[in-house]
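Dear colleague,

I am handing over the structure below, followed by what was found in it. Please read the notes alongside the coordinates.

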Amino acid sequence: MEQATKELNNQVHYGLEGVVAGDTAISKVDGKVGKLLIRGIPLEDFAPVYRFEEAASLVLWDQASWLRPEELAVARCLPKETLRLLEAAAEKKVSAMDGLRMGISTLVPTGQDVEDIRSLISKAASIAGTFLALSEGRVVPSAAFEEEGHAAFFLHLLQGKRPTNAEVRALETYWNTVMDHGFNNSTFTARMVVSTGSDLVSAVTAAIGSLKGPLHGGAPGPALQLIEEVQERGDAEGVIRERLERGERLMGFGHRQYKVRDPRAEVLQRAVGLLAEGRRDPLYETSVEVERIAVRLLEEFKPGRGLHANVEFYTSLLLRQLNIPSYGFSAVFACSRVVGWLGHALEQRSAGRLIRPDCRYVGREG
Ligand code: ACO
């Protein structure tokens with residue numbers, strides 16, 4: 001064991017690529033065939049049909065009915081000081097991820113896992129929804145707090161009116177789809193934090209910082225810009241080629257683990273179609289064309305890298321259809337991924353091992 005550790009230490013694994021850093025029983029990501037299992041269930045079997053609360057229970061405790069809607073509902077109200085901070089942050093026009101991070105960091109951990117988990121999941125949506133409503137210059141609707149389900153609550157908070165069943169279904173499908181995904185950067189961040197013995201509020205605050213980055217959860221806004229630019233100019237080949245010639249990355253394409261199409265893109269593409277309810281959506285048609293041409297040009301510019309649409313590509317379209325402003329996309333993502341962070345935090349706690357990698361010193365020796 002000691003010898004194996006020493007050998008591993010002599011090799012540097014930049015970006016920790018290919019390094020197995022722990023065990024998880026929550027999600028299985030098979031990047032070769034493009035398959036994602038959550039607690040053994042294929043993504044496409046549960047994401048479009050489970051309620052958010054059921055999917056969250058599955059991720060957290062491997063059962064579909066532990067977390068009841070009313071348990072999340074009672075934890076929705078924000079402390080006055082959190083609300084005041086959000087009002088000031090919205091007035092200063094800070095980014096939605098900064099607003100969410102600031103809001104979450106005002107919460108005080110109770111040390112009771114179940115209570116902290118309910119509070120963090122529930123309040124992440126309260127904070128993100130309130131911040132976005134304030135940023136859009138809307139009054140926070142108190143009637144939203146009467147909604148039974150978590151997704152309906154969030155949409156009501158954001159849109160100022162009761163959402164339709166189709167809108168609730170679309171958001172739940174999206175949230176279920178992005179709830180967990182192996183040791184992604186933000187999840188690993190959460191695990192790092194709790195491995196020191198720290199608390200769940202700190203873990204979620206740190207994970208939000210990780211998710212903010214454009215290479216992780218910050219991609220759907222720029223992905224939508226690409227689709228809209230193509231629609232405006234009507235020349236997908238030209239727009240995409242120009243970007244690749246400038247050496248830019250196409251947001252919404254490529255993945256560290258999937259070298260085929262991300263299975264989450266498939267589920268979300270269907271959800272976008274269902275939400276349109278048979279109506280023709282020119283932006284959807286443009287997206288399908290952008291994906292087809294982007295995959296061909298990515299293979300031309302970056303042969304053999306296996307660059308395909310990732311989860312963020314159709315996310316951008318779905319969230320736009322729900323009238324969520326693009327600057328809020330990453331914060332809406334966080335409202336679901338918080339469940340995965342917490343599930344992994346619990347797992348990491350039971351593993352009980354401090355995460356502390358080694359590094360190779362390349363500086364001066366005196
Ligand atoms: N557009 C153009 N080229 C790309 C793209 C892209 N989207 N993604 C990767 N490449 C190229 C790189 O330039 C690199 O080329 P090189 O070999 O000539 O240097 C090669 O493909 C491999 O790229 P890496 O950065 O080594 O691949 P990695 O596995 O680290 O990257 C990542 C994964 C960060 C997601 C990358 O594909 C990317 O930047 N995509 C765009 C951002 C994005 O959509 N992020 C959301 C990911 S999903 C999520 O986190 C929820």
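Glu71 counts as buried, at 12% relative accessibility, where buried means under 20% relative accessible area, exposed over 50% and partly exposed in between, with a 1.4 Å probe and protein chains only. The side chain of Glu71 meets that of Arg118 in a salt bridge (3.3 Å, N to O), a term used here for a side-chain nitrogen of Lys or Arg within 4 Å of a carboxyl oxygen of Asp or Glu. This pair links distant parts of the chain, Glu71 lying in helix H4 and Arg118 in helix H7, 47 residues apart; helices are DSSP runs (H or I, at least four residues), numbered from the N terminus. Arg118 is partly exposed, with a relative accessible area of 23%.

This is a predicted model, in which local features need pLDDT of at least 70 and side-chain atom pairs count only at pLDDT 80 or more, while totals for chains, interfaces and linings use all residues. Residues are numbered from 1 along each chain as its sequence is written, and side-chain values use heavy atoms, with hydrogens and water left out.

Helix H4 (residues 69-73) also holds Pro69, which is buried at 14% relative accessible area. Leaving aside residues up to four places away in sequence, Pro69 touches Arg51, Glu53, Glu148 and Gly149, contact meaning heavy atoms within 4.5 Å. Two of these, Arg51 and Glu148, have side chains that meet in a salt bridge (3.6 Å, N to O), although they are 97 residues apart.

Notes
Helices (H or I, at least four residues) and strands (E, at least two) are DSSP runs, numbered from the N terminus.
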